Amino acid sequence: MPSKNTIDRDELVADPEVARELDRSLMTLWRLDNNPEMIALGWPAKIQLNKRNFRSRRPLEQFKANLLRRAMAGRKPLVAA
């Protein structure tokens, strides 16, 4: 259990790692940055440090959860045989 003095910090994830996690290219991440539908789903804004792009971990995990929920909602129900 964390102590009272521990600050709950978010971590930054470099875009190449984000691309690996999502199994997408860096170009796709750029496209997601410019896609209003994905932004509405919670795609995290990039944080640029020394010309490198990073994403905040918590919003990234929330985006993945939103994608999963959307995929599950779009599935057709299984038909019992």
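## Salt bridges overall

Counting salt bridges in this predicted model gives a total of nine. Opposite charges on side chains can pair up once the charged atoms get close. Five of the residues, E11, E21, R57, E61 and K64, join up in a salt-bridge network.

## R57 and E11

Start with R57, whose side chain meets that of E11 at 3.3 Å, N to O. R57 sits in helix α4 (residues 57-73), while E11 is in the segment before β1 (12-14), so this pair ties together parts 46 residues apart in sequence.

How do the two partners sit relative to the surface? R57 counts as buried because its relative accessibility is 18%, under the 20% cut-off. E11, at 44% relative accessibility, is partly exposed.

## K64 and E21

Helix α4 also holds K64, which is paired with E21 of helix α1 (residues 15-22), 43 residues away in the chain.

## E37 and R70

Which helices does the E37 and R70 pair tie together? E37 and R70 form a salt bridge at 2.8 Å, N to O. E37 is in helix α3 (residues 36-40) and R70 in helix α4, so the link spans parts 33 residues apart in sequence.

As for accessibility, E37 is partly exposed at 48%, and R70 is partly exposed at 39%.

How values were computed. Residues are numbered from 1 along each chain as its sequence is written. This is a predicted model: local features need pLDDT of at least 70, side-chain atom pairs count only at pLDDT 80 or more; totals for chains, interfaces and linings use all residues. Side-chain values use heavy atoms; hydrogens and water are left out. A salt bridge is a side-chain nitrogen of Lys or Arg within 4 Å of a carboxyl oxygen of Asp or Glu. Helices (H or I, at least four residues) and strands (E, at least two) are DSSP runs, numbered from the N terminus. Buried means under 20% relative accessible area, exposed over 50%, partly exposed in between (1.4 Å probe, protein chains only).
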